[in-house]
Each structure stands twice: as C-alpha cells, then as structure tokens.
Amino acid sequence: MSERMSNAIDVRNAVKRYGDFTALKRISLTIKDNEFFTLLGPSGCGKTTLLRMIAGFEDVTEGEILLYGDEIEKLPPHQRPVNTVFQNYALFPHMTILENVAFGLEMRGKSKSEARTRAGEMLELVQLSQFAARKPSQLSGGQQQRVALARALAPQPKVLLLDEPLSALDLKLRKAMQLELKHLQRETGITFIFVTHDQEEALTMSDRIAVMSAGEMQQLGSPTEIYEQPRNMFVADFIGETNLLEVSVDQVMNGRAVCHLGGGHALTCNSVEGIGVGSKVHMSVRPERLFTTDVPVEGEALKGRVVENIFVGTDISTIVDLAEGPQFIVRTSNSERGNKRIFEPGSEIFVNMELGAGRLLVD
Amino acid sequence: MAAGAASGGSATTDTYKEARNWLLLPSWAVLGIFVLAPVCMMLVYSFLTKEFRGGVIWEPSLAAYDQFFFDRGLFGDEPAKIEWTYITIFWRSIWQAGAATLLSLVIGFPTAYFIATRPERVRPFWVFLITIPYWVNLLIRTVSMKFLLRDQGPLNDFLIGTGLIDSPIHIVNTNFAVQLGLFYSYLPFMVLPIYAAVERYNFSLSEAAADLYAPKWVTLRRIVLPAIKPGVIAGCILVFVPSMGSFLAPDLLGGAKNFMIGSLIEEQFKGNAGNWPFGAAASMILLTMVLIILLIFARQQSKAENAGS
C-alpha cells in the first residue's frame with residue numbers, strides 16, 4: 001500500500017478509441033510523487049488525449065487511472081483533485097485576474113475573502129500582483145500564461161497537468177518560462193505532468209520523459225537515457241539530431257556488437273536487447289560525437305568528402321558524403337575549434353566516432 | 001490607392017473618406033425615406049386634428065394625446081379623469097410581449113445551445129430546419145395555430161385521446177394563446193442570435209471551470225451565461241419589439257378581450273371609423289416606450305460587452 005501511495009498517477013492498460021480509430025493503444029505508466037514528468041511526441045501521438053483522460057475531459061475506453069491509489073477514471077472533472085494549465089490558457093474573459101485565480105478556491109468551498117487572499121498570494125508568486133484588477137485581455141501572452149499557472153496551482157492540486165502551455169510564447173519568453181516552471185515545481189512540491197512536442201523543452205525540464213508515437217509509448221526514461229540510449233528508430237530520430245547507418249550484425253557480446261556496412265566496412269557499437277546476429281538494423285550516432293580528420297584516427301573511421309560547413313551559432317555542422325553510406329552530419333562546438341579541424345568543402349576526410357558513440361536500434 | 005496610402009498623405013485619407021460617404025448614400029436614402037420620413041409624418045399627424053372619414057385636417061391639436069390619457073366624458077365637457085382603457089391595452093401589450101419573450105427564451109436557449117454544440121458540418125442543417133416554418137406567410141401560420149389550439153382542434157383531441165383531460169382546454173381567445181402565437185411568430189429571432197453567441201463561445205472555458213471544481217450548473221451560470229449574454233439580449237430585443245406592436249396574433253388568437261396596442265393602431269387607420277391623429281399618437285407613445293426599453297437593454301449589452309472584452 002505504502003509503495004502504491006508513493007505513485008502520483010498509475011495508468012493501467014488505458015485504451016482510448018474514437019469509433020474505429022484507436023488514439024491510445026493500451027498504455028501503462030507510473031508517475032512518481034513530486035516528479036516533473038513529460039509526455040513527449042509529435043502531434044496526434046495521443047499525449048494530449050492521455051492528459052485529458054487524467055483531467056477527466058475524455059472518457060477512458062478501457063483501463064484504469066489511479067491518483068495516489070484512488071481510481072479516478074469514472075469521476076467527472078470537477079471531482080478530480082488535479083488542475084490543468086490549458087494550451088490557450090482558457091482564462092475567464094469577464095473576470096478579473098484575481099477573480100480568475102480565486103475561482104477554483106471558491107469552488108472548493110473557501111469563503112470569498114479567504115479565496116481572494118490566497119489568490120493574491122498566488123499572484124505574488126508569479127509576480128503579477130499589480131495586475132490583479134485587470135481583465136485577461138489587458139495582459140500579454142506571457143502574463144496570461146502565468147495567470148493560468150497561478151489559477152491552476154491555487155487550489156493546491158495533487159497533480160498539475162500542463163497542456164503545451166508554452167507553445168504560444170516566443171523563444172526567449174519560452175526559455176524563461178521553462179526555468180520558472182521548473183522552479184515552481186520544486187517550490188510547490190506538486191507533481192507536474194507536462195505535454196509537449198518540443199524535445200528540447202522536454203529534455204530541459206523533465207525528471208522523466210515518456211516518448212509517444214501513434215498511440216503507443218516508445219520509451220520511458222530520464223532525459224539522459226532518452227537522448228543517449230534511444231531504444232528504437234523513432235526515439236533516436238525524434239529526439240535531437242542523429243545519423244543513421246544501415247548495418248548487418250555479425251557478433252553480439254556484453255552489450256557490444258560488431259557489424260558491417262553494405263560494402264563490408266566493420267564497425268563496433270553498443271547493442272540493445274532484442275538484436276540477434278545476422279539481423280539488418282540501424283545504427284545511430286549523434287553528430288556531436290563525431291569528428292573529422294585527414295588521416296583515420298582509429299581503424300573504423302569512415303571515409304568521406306566534405307559537402308558543406310554550416311555555421312549555427314554555437315556550433316558548426318559539417319555535412320559529409322560518406323564513401324560507403326548516406327550523408328552524415330558532424331557537429332563541432334565552436335569552443336573546440338582550437339583542437340578540431342574544420343575542412344573546406346571538397347576535402348577528402350575521415351569521420352571518426354567517439355568510443356561508444358554508435359548504438360544499434362530496433363525498428 | 002495603396003501607393004497613396006503608403007506615402008501617408010492625409011489627402012488620401014480624405015478622398016477615401018469622401019468616397020466612403022458617397023457609397024453610403026443609398027443606405028442613408030433608404031433609411032431616410034422608409035424610416036425617418038414615416039416617423040416624422042406620424043409625429044406631425046399626431047399633433048393634427050382628425051377628419052371624420054380618415055385623414056387629417058391641418059390644424060394643430062393635442063386632442064389625440066388628450067384622448068389617450070384623459071377621459072372628459074361623452075361630450076368632452078366633464079372634468080378630466082385618467083383614461084384607463086388605452087393604458088390598460090398598453091400595459092397588456094408590454095406584459096404579453098414580455099411573456100412571449102420569456103417563452104421564446106426558455107425554448108430558444110436550449111434549442112440554440114443544442115444546435116451550436118452539434119458537429120460543425122451538421123449545424124447549417126439544424127438552422128435550416130428552424131427556418132422552414134417561416135417560408136409560410138405569417139397570417140396563414142397564425143390561422144393554422146388557431147385551428148390547432150381550438151376546442152375541437154388536434155391538440156385537445158390528442159389530450160382527450162390520451163386520457164389526460166376529460167373536456168377540452170380553452171386556449172383560443174386567452175392571453176396564453178396570444179403569447180403562444182407571438183412566441184411561434186418570433187422564435188427564430190431568439191434562436192439565431194443565441195446560436196451565434198454559443199457558436200463563438202470557447203468551450204475550453206467550460207472545461208477550465210470544470211477543472212477548477214465547478215459543477216455543471218455553476219459553469220453554466222458563472223461562465224457560459226456571461227459570455228453569451230450579448231446574444232441573449234439581442235434575441236430578447238428582437239422578439240420583444242415586434243411582439244409589442246404585433247396585431248395578427250392578438251386579433252386572431254386573442255379575440256376582442258385581449259386587444260393589444262398593435263390592433264388599436266391598426267384600427268385607427270383602416271375603415272371609416274379611423275382616427276389618424278389618435279393612431280399616430282398611439283404609435284408615437286409605443287415608439288417612445290420601445291426606445292426606452294431598448295436603451296435599458298443597450299446599456300446592459302454594453303456592460304456585458306465591456307465585461308467580455
């Protein structure tokens with residue numbers, strides 16, 4: 001029981017069907033108490049559906065949802081002790097900012113004056129006290145966003161659900177809000193479930209991430225795990241930039257695999273469970289774990305020719321045509337330009353992998 | 001024009017404004033000829049002396065207004081008392097129109113809400129269904145209403161047939177029949193503005209309210225209603241105003257006892273017994289009353305809109 005209680009949310013075999021269309025295909029996951037949990041995936045992957053099922057806006061076709069051990073999937077939204085920050089904020093236009101924030105408190109039976117006092121404190125927390133008497137339309141997008149946050153946090157929900165709350169903000173504001181959200185989560189100790197399609201946002205903020213696609217969970221793990229040890233093609237491709245090579249597996253041992261490219265060039269890389277000798281799979285390697293040289297540094301270096309160098313602020317991306325394979329992207333941080341060489345387009349070079357950088361993927 | 005605008009000359013703006021004024025001319029002409037001129041004529045007529053077989057004598061007089069408000073006996077030589085006949089008719093009109101408006105609201109609101117919450121592609125179909133009865137002339141619709149409601153009509157037959165009642169309910173020639181008639185005549189004017197308002201309503205606000213622990217009816221009262229209030233007010237005005245001056249439904253369904261202001265005015269202009277200045281005066285009084293009610297509504301409306309913006 002005590003172990004069960006420590007889970008904020010337990011989703012068990014949750015299925016969502018709309019007529020013939022299955023939006024969620026039997027998802028099970030556990031979200032821990034006091035966790036910043038992110039549901040990440042492209043649009044239409046079912047992440048928002050799952051969030052709305054937890055909030056109570058969508059029925060659960062099959063399965064169970066538990067909130068700190070209590071089944072909630074049959075309760076109407078107003079009886080669930082969770083609050084939502086909506087993508088379009090959904091602030092009540094005819095109410096002042098203070099009235100907006102006080103609404104949930106009043107509905108929970110707080111007296112009007114008590115609700116307002118608490119709402120005032122919440123506005124202080126998001127630094128909007130001076131706007132308490134204004135209407136939502138008189139505030140900027142970023143300010144409205146913070147009001148929505150204050151309104152959802154005011155009734156002290158057991159879990160806070162955030163449905164792509166930053167997607168309407170410009171880049172700079174978004175970055176600032178990412179940090180603010182993270183701090184708020186630490187300060188309040190409330191479990192956050194955050195939905196986004198922005199992998200960078202997910203990596204920055206989350207304790208754990210569930211990567212979803214086509215109604216299924218592809219991988220669940222910490223940001224580092226998701227980035228460095230993607231389980232399959234989808235995750236490797238969706239999170240960050242990656243280079244993919246088609247390889248045949250010759251030997252698997254202790255989590256390492258020896259494979260060869262179509263032309264016979266041998267490569268050693270990390271393997272994952274479920275890959276057998278003789279199978280044809282993809283190997284993924286992140287661009288920042290590659291470097292170019294004019295002579296091969298190690299025996300497995302891939303021969304190629306520089307197509308183009310692209311300056312992207314902090315890095316330089318070098319596009320290389322591999323002699324035996326597709327195009328590769330090699331990323332060199334500008335801070336490393338002293339000890340790594342950038343070759344002119346047309347140069348014949350070798351692409352070297354850092355030790356353990358290559359990783360096999362299941363399809 | 002675009003180049004001129006880009007150069008930012010105020011002359012361009014002026015030409016633009018001038019052109020716009022000319023383009024508005026037809027609208028102003030129509031309004032002037034068909035709205036302003038008749039009202040002015042009425043105003044003038046109401047202060048003239050009556051001709052016995054209809055028409056007016058061009059001699060200024062307050063007799064029409066005097067007749068509306070005061071009773072000076074058969075020969076006009078007794079001390080003036082307040083004349084209650086017309087004030088009663090007036091009051092009844094307000095009351096009847098108010099009741100019809102309320103009835104339209106009670107039926108029209110759920111209807112509009114229902115249509116606006118259907119999937120987007122079937123909504124036009126539902127709106128279309130609402131308009132179908134209005135392809136038939138108002139007079140015919142009102143007469144058929146009378147047939148439906150009369151003592152031996154289908155409604156009473158049905159109710160007796162089901163055993164709910166033993167003898168027919170008398171509906172025709174009651175206030176209620178008039179209210180039903182008015183309600184039936186003007187229902188779409190209630191449904192359509194509310195439909196438009198509900199359609200514009202952002203339903204994620206209802207979700208947000210539910211998320212913040214508001215039960216359904218609290219959400220309706222505190223979130224949905226304030227948001228669609230302008231539509232509701234517009235609907236009420238559009239039903240109330242024509243109901244007030246209506247004469248078909250009161251004549252056909254109400255009978256002589258349930259006379260409304262519209263019938264009174266109609267009578268003054270049709271037939272030999274007509275009294276044009278009196279009809280004009282009654283019209284002016286009606287107009288003034290409606291304007292006052294509209295102003296009250298309009299102030300409510302602007303309050304609601306300020307709150308909504």
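A salt bridge is counted where a side-chain nitrogen of Lys or Arg lies within 4 Å of a carboxyl oxygen of Asp or Glu. In this predicted model, the rule gives 24 salt bridges over all chains.

A second salt bridge of chain A joins A:Arg12 and A:Glu64, with 3.7 Å between the closest N and O atoms. A:Arg12 is part of strand E1 (residues 7-18) of chain A and A:Glu64 is part of strand E4 (residues 62-67) of chain A, so this pair ties together parts that are 52 residues apart in sequence. Both partners are partly exposed, A:Arg12 with a relative accessible area of 31% and A:Glu64 with one of 28%.

B:Glu199 and B:Arg123 form a salt bridge in which the closest N and O atoms are 3.0 Å apart. Because B:Glu199 lies in helix H8 (residues 175-200) of chain B and B:Arg123 in helix H5 (residues 123-131) of chain B, the pair ties together parts separated by 76 residues in sequence. Here B:Glu199 is partly exposed, with a relative accessible area of 36%, whereas B:Arg123 is buried at 13%. Salt bridges can also share partners, and in this way A:Lys16, A:Arg52, A:Glu58 and B:Glu207 are joined into one network.

Helix H5 of chain B also holds B:Ile130. This residue counts as buried, since its relative accessibility is 19% and the cut-off for burial is under 20%. Leaving aside residues up to four places away in sequence, B:Ile130 touches B:Thr111, B:Ile115, B:Pro188 and B:Val191. B:Asp14, by contrast, is 116 residues from B:Ile130 in sequence and 45 Å from B:Ile130 in space, C-alpha to C-alpha.

Attention now turns to the sheet. In chain A, five strands make up an open sheet in the order E15-E19-E16-E17-E18, with antiparallel pairing. Which strands stand at the edges? They are E15 (290-293) and E18 (327-333) of chain A; each has a single partner strand, so one side of each is left without a neighbour in the sheet. From one strand to the next, the twist averages 45°. Within this sheet, strand E16 (residues 302-312) and strand E17 (residues 315-322) of chain A pair in the antiparallel sense over eight bridges. A:Phe311 stands opposite A:Ile316 in E17(A).

Two helices of chain A complete the picture. The axes of helix H3 (residues 97-107) and helix H4 (residues 112-125) of chain A come within 8 Å and cross at roughly 120°. H3(A) and H4(A) are therefore oblique to each other, and their crossing is right-handed. Residues that meet between the two helices include A:Ile97, A:Val101 and A:Leu105 in H3(A), with A:Ala115, A:Ala119 and A:Met122 among those in H4(A).

Key
Residues are numbered from 1 along each chain as its sequence is written. Chains are lettered from A and ligands numbered from 1 in the order in which they are written. This is a predicted model: local features need pLDDT of at least 70, side-chain atom pairs count only at pLDDT 80 or more; totals for chains, interfaces and linings use all residues. Side-chain values use heavy atoms; hydrogens and water are left out. Two strands pair if DSSP finds at least two bridges between them. Helices (H or I, at least four residues) and strands (E, at least two) are DSSP runs, numbered from the N terminus. Axes are lines fitted to C-alpha atoms, for helices over the stretch in contact, and angles run from 0 to 180 degrees between N-to-C directions. Buried means under 20% relative accessible area, exposed over 50%, partly exposed in between (1.4 Å probe, protein chains only). Angles under 35 degrees count as roughly parallel, over 145 as roughly antiparallel, 65 to 115 as roughly perpendicular and the rest as oblique. A crossing is left-handed if the near helix is turned anticlockwise from the far one by less than a right angle, and right-handed if clockwise. Contact means heavy atoms within 4.5 Å.
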